[in-house]
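Please read the following report alongside the sequence and the 3D structure.

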Amino acid sequence: MRILIANGTVVNADGATQADVLVDGESIAAVGRGLQGSDLAARVDRTVDAAGKYVIPGAIDVHTHMELPFGGTFAKDTFETGTRAAAFGGTTTIIDFAVQSRGASLREGLDTWMAKAEGNACVDYGFHMIMSDVNDSTLAEMDSLVSEGVTDFKLFTAYPGVFFSDDGAIFRAMQRTEKNGGLIMMHAENGLAIDIVAADLVAAGKTDPYYHGVARYPVFEGEATNRVIRLAEAAGVPVYIVHLSARDALNEVRAARDRGAMAFAETCPQYLFLSLDDLGGGFNGAKFVCSPPLRPADHQADLWQGLVKDDLQVVSTDHCPFDFETQKQLGVGDFRKIPNGLPGVEDRVDLLHDGGVVGGRLTKERWVELLSAGPARMFGLAGVKGVVAPGADADVVVYDPARRHTISAKTHHMDVDYSCYEGREVTGGSDVVLSRGRVIVENGEWKGEKGWGRFLKRKTAREFLT
Ligand code: URP
Ligand code: ZN
Ligand code: ZN
């Protein structure tokens with residue numbers, strides 16, 4: 001199939017230009033002016049008119065949790081429903097987290113997640129590996145996974161008794177990663193201190209979801225962020241802080257980068273657009289329970305500055321949806337039992353366009369950098385994804401920067417019974433979405449297929465991270 005996307009404005013991270021895009025099979029064959037009618041574009045099967053639209057690389061969400069077991073239940077979206085929703089929102093690649101259960105091998109965890117995704121995912125996908133145990137055997141397994149394209153390992157200073165690793169375990173994983181070329185991703189909150197504050201709050205009768213936000217002090221995130229960056233510096237490896245939410249943590253990342261440390265970080269839309277206030281209102285606040293928690297609204301301006309100044313390199317979603325009417329109810333009477341996580345994989349591109357580009361905070365090129373080009377570079381997909389250029393996969397979105405729509409659970413495609421952004425009107429929307437040369441969404445209609453998505457064997461990204 002040959003598709004010509006004509007008359008659009010091609011927006012890449014390094015610039016925007018009026019150009020046509022020729023897609024041949026699964027790849028981009030040419031990008032240039034006046035391709036329409038040229039010999040190169042002869043025998044096209046279809047022309048998509050992109051006049052007045054942006055033509056952008058399909059967005060990459062490097063932080064999703066489809067079907068994650070958490071707090072006695074499972075994140076609701078499957079690889080089928082979650083990746084379909086992602087595609088409606090202009091995201092054509094996800095990198096999800098496979099989980100090593102305590103006592104099991106990394107291999108068992110990876111096999112389990114591969115089986116969940118294979119034959120089900122609607123867009124391309126890769127995996128990071130969550131490490132729950134660090135020992136001689138799992139350390140050796142890390143090397144194999146890197147060579148198989150699972151190049152990053154997430155460890156936690158949070159969730160004692162579940163995913164928590166102590167400093168020695170984290171440092172050992174970092175030392176190993178320094179040798180195998182992978183990347184350490186850190187959930188940086190001081191979970192031991194949080195658990196003490198949370199227990200005190202519950203003992204004092206403060207059990208509402210709001211106190212989830214109160215218990216997890218910003219300084220606990222700042223302290224853990226500093227600690228893991230210092231450990232990474234000692235080990236000589238790059239470190240990537242996931243779902244950074246607080247000014248306190250951002251200050252630590254900025255200071256580290258200023259002294260030349262290989263420290264990187266992402267934030268998520270919920271920390272840019274929602275706040276601690278959303279956790280109020282009685283049990284309704286459970287819809288907004290995630291970790292790290294939503295912060296007081298005055299942290300948001302700092303995060304936007306971080307995105308502009310490149311102290312934050314990526315915006316991901318941490319998509320981890322639980323139904324409010326059933327799953328979130330597990331925490332009635334004790335906020336510690338509310339499954340942690342929010343839906344968002346479908347909304348990221350539009351929220352960041354609306355709040356960033358339309359809001360005057362980001363250029364459209366920086367928007368593409370944060371959603372697509374940056375994630376591709378950081379996670380070993382450079383040249384393949386994240387760019388509209390000859391030779392790259394034809395993951396392309398025709399994006400209407402002027403279309404207005406209202407976010408709602410009534411119309412979204414995520415398999416979850418609420419939206420954190422219910423009723424919010426945004427400007428910008430994905431009109432036509434191509435995944436490896438195939439139109440999978442067109443004007444709000446699904447044209448894709450379960451199982452179309454392929455596993456991405458990713459390269460290590462050390463060349464970009466040092
Ligand atoms: O609340 C969150 N973030 N849930 C997903 C698990 C994690 O820590 O990323
Ligand atoms: Zn986390
Ligand atoms: Zn997460």
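This is a predicted model: local features need pLDDT of at least 70, side-chain atom pairs count only at pLDDT 80 or more; totals for chains, interfaces and linings use all residues.

Donors here are N, O and S atoms within 2.8 Å of the metal (3.2 Å for Na, K and Ca), and water is not among the atoms, so sites may look incomplete. Helices (H or I, at least four residues) and strands (E, at least two) are DSSP runs, numbered from the N terminus.

The zinc ion (ligand 3) lies 3.9 Å from the zinc ion (ligand 2), and its protein donors are His 63 (NE2), His 65 (NE2) and Asp 318 (OD), at 2.0 to 2.1 Å. The site of the zinc ion (ligand 3) is irregular, with angles of 87 to 138 degrees among its 4 donor atoms; four donors count as tetrahedral if all angles lie between 85 and 135 degrees, four count as square planar and six as octahedral if opposite donors are over 155 degrees apart and all others between 65 and 115, and anything else is irregular. Because His 65 lies in the loop between β6 and β7 (69-70) and Asp 318 in the loop between β15 and α11 (348-358), the pair ties together parts that are 253 residues apart in sequence.

| Residue | Relative accessible area |
|---|---|
| Lys 154 | 2% |
| His 243 | 2% |
| His 65 | 5% |
| Asp 318 | 8% |

Turning to the strands, two of them pair if DSSP finds at least two bridges between them. Strand β1 (residues 2-12) pairs with strand β2 (residues 15-24) in the antiparallel sense over 9 bridges, and the two form a hairpin with 2 residues between them. Strand β2 is also joined by 5 bridges to strand β3 (residues 27-32), again running antiparallel, and in the turn of the β2 and β3 hairpin Gly 25 has a positive phi of about 65 degrees. Val 21 of β2 is the bridge partner of Ile 5, and in β3 the bridge partner of Val 21 is Val 31.

An open sheet of 8 strands, with parallel pairing, has the order β6-β9-β10-β11-β12-β13-β14-β15. Since β6 (59-64) and β15 (314-315) stand at the edges with a single partner strand each, one side of each is left without a neighbour in the sheet.

What is the size of the largest nonpolar core? This core has 134 residues, and those with the most contacts inside it are Phe 153, Met 174, Tyr 240, Ile 241 and Trp 367; such a core is a set of buried Ala, Val, Leu, Ile, Met, Phe, Trp, Tyr and Cys residues joined through side-chain atoms within 4.5 Å. Helix α7 (residues 218-235) gives the most to this core, with 7 residues.

Residues are numbered from 1 along each chain as its sequence is written, while chains are lettered from A and ligands numbered from 1 in the order in which they are written. Local features need pLDDT of at least 70 and side-chain atom pairs count only at pLDDT 80 or more, whereas totals for chains, interfaces and linings use all residues, and side-chain values use heavy atoms, with hydrogens and water left out.

Technical notes: Buried means under 20% relative accessible area, exposed over 50%, partly exposed in between (1.4 Å probe, protein chains only).
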